[in-house]
Each structure stands twice: as structure tokens, then as C-alpha cells.
Amino acid sequence: MTAIVAGLRPDALPDPARPDAGLVLASLWRTGGLEQQHKVMSGVMDAWEQARLPAAYLARHCLAGSDGRTILNFAQWTSPGAHRAFAADPRNQQTLGSAVQSLYSADPPGRYVPYRFAGRRDGAARYFTATWHDTEDDGTARSLADELIERAPTAPVAEYFYIDEAGRQLLVLAGFQDEPGGTGPWFRPFRGLVRSAH
């Protein structure tokens, strides 16, 4: 897909701090290896590019794990209610849902509300890490996010904090200008489908 269609355009690099996003969907998929990783990501993005997407859809990205197996799925919608309405439509379940499930059998993604964003230094975030923290409730998740923001790490360009709708999990997405390294997988943008911001 090379042209803008119905306000959508291909863009591999996500904008985790997009101001019009009221809902983030995120999940990790673990494939059998590099070949399957690329096949699944390409197939999923092909399916989304062919779908009829509402104005509430803002962006959907697949990011490739540095381990050659993992996929980070990251999507943004204007609101939780708008996504629920889209997901509940039997036509979308039959077309988009079936297309994705034929490529990879996955549980529903986590549903998160943006909480805070912290710019650490100048530069564009081109690589990402994702860390999930289990929490007791929304207040605990907010307190943990506030505590993590205050520690002010020097490596990331920015950090993005999202709290799941039940308040039982905090997702921290860290963006880096260069490959972050480390023991766990980091993620390189592979493909994305984005609605232009107004």
C-alpha cells in the first residue's frame, strides 16, 4: 500500500504519545522463528490495510523483536467505546478477525489508557522496549508510573506509560534512538497503518 486511502497512510514508525489516542491495544506474540515472524507481520498488516476502518481507528503497528521470534503489536484508537463497537461488529469478526487468526492464534490484546509521557532527551525514537508491571489497582499503577518517571534514566529518548482498563497492569514503552541492546528483546518498527492527525 503506497498511497493514502480514506485518510490512512503506511508509516512504520509509531507515535506512542499521539494526543488523540484514548485507547492503546498492545500484545506480544511469539512465533517459531524469523520466517514466521515476517510472514505473520506481513499478513496481519495486509489484512488491516484491506479492512474498512472507522474514523476512530488511528494507527496499528507491528514491531519486530530483535530475537527474530517476538512481535509487538501496538494499536491506537480514539476511545475504548469506539473500539468495542468495531470489535463487536460480526462483519469485522468474520473478515479481519478470521484473517488474523489464520496467521496466528492469539488472545485478545491488552487494553490500556495513556497515562503519562516523559521526554528524556532530544532525538527520534526508532527502537523500543516494552515492559509490563502487574499492579493491584489503578492507584497503584499510577504511583508506580510516577515513581518510574522520577528515576530519569539517561538511555531512552522517551518513555510512555499506559494503564490497563482494570488498573491491574502498567505498560511502559521506552523509545531509543539507537539499538538498545540488553538481554531481553527490543523492537524495530516493521509496518504500520496510520490515520493522519488533524
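A salt bridge here is a side-chain nitrogen of Lys or Arg within 4 Å of a carboxyl oxygen of Asp or Glu. With that in hand, welcome to a few close-ups of this predicted model.

**View 1. Glu165 and Arg84 join distant parts of the chain in a salt bridge.** The closest N and O atoms of Glu165 and Arg84 are 3.0 Å apart. Glu165 sits in the loop between strand 7 (158–164) and strand 8 (169–176), while Arg84 belongs to helix 2 (residues 80–88), and the two are 81 residues apart. Glu165 is partly exposed, at 36% relative accessibility. Arg84 is partly exposed as well, with a value of 44%.

**View 2. Asp20 meets Arg18 through their side chains.** The N to O distance in this salt bridge is 2.7 Å. Buried or exposed: how does Arg18 count? Arg18 is buried, because its relative accessible area is 6% and falls under the 20% limit. Asp20, at 32%, is partly exposed.

**View 3. Asp89 pairs with Arg91.** Look here for a salt bridge whose closest N and O atoms lie 2.7 Å apart. The Asp89 end is buried, with a relative accessible area of 18%, whereas the Arg91 end is exposed at 60%.

View 4. For context, a search of the whole structure finds 11 salt bridges.

**View 5. The largest nonpolar core holds 24 residues.** Which residues touch the most other members of this core? They are Trp29, Val44, Trp48, Leu53, Tyr57 and Trp77. At least two core residues come from each of strand 2 (23–30), helix 1 (34–50), strand 3 (57–65), strand 4 (70–77) and helix 3 (90–103). Helix 1 gives the largest share, 6 residues. As background, nonpolar side chains tend to be buried together in soluble globular proteins.

**View 6. Trp29 and its contacts get a panel of their own.** Leaving aside residues up to four places away in sequence, Trp29 touches Val40, Val44, Arg60, Arg69, Thr70, Ile71, Asn73, Val100, Tyr104 and Ala106. One of these partners, Val44, is also listed with Trp29 among the residues that touch the most other members of the largest core.

**View 7. Another core lies apart from the largest one.** This core has 15 residues, including Tyr112, Phe128, Ala130 and Tyr162.

Conventions:
Residues are numbered from 1 along each chain as its sequence is written. This is a predicted model: local features need pLDDT of at least 70, side-chain atom pairs count only at pLDDT 80 or more; totals for chains, interfaces and linings use all residues. Side-chain values use heavy atoms; hydrogens and water are left out. Buried means under 20% relative accessible area, exposed over 50%, partly exposed in between (1.4 Å probe, protein chains only). Helices (H or I, at least four residues) and strands (E, at least two) are DSSP runs, numbered from the N terminus. A nonpolar core is a set of buried Ala, Val, Leu, Ile, Met, Phe, Trp, Tyr and Cys residues joined through side-chain atoms within 4.5 Å. Contact means heavy atoms within 4.5 Å.
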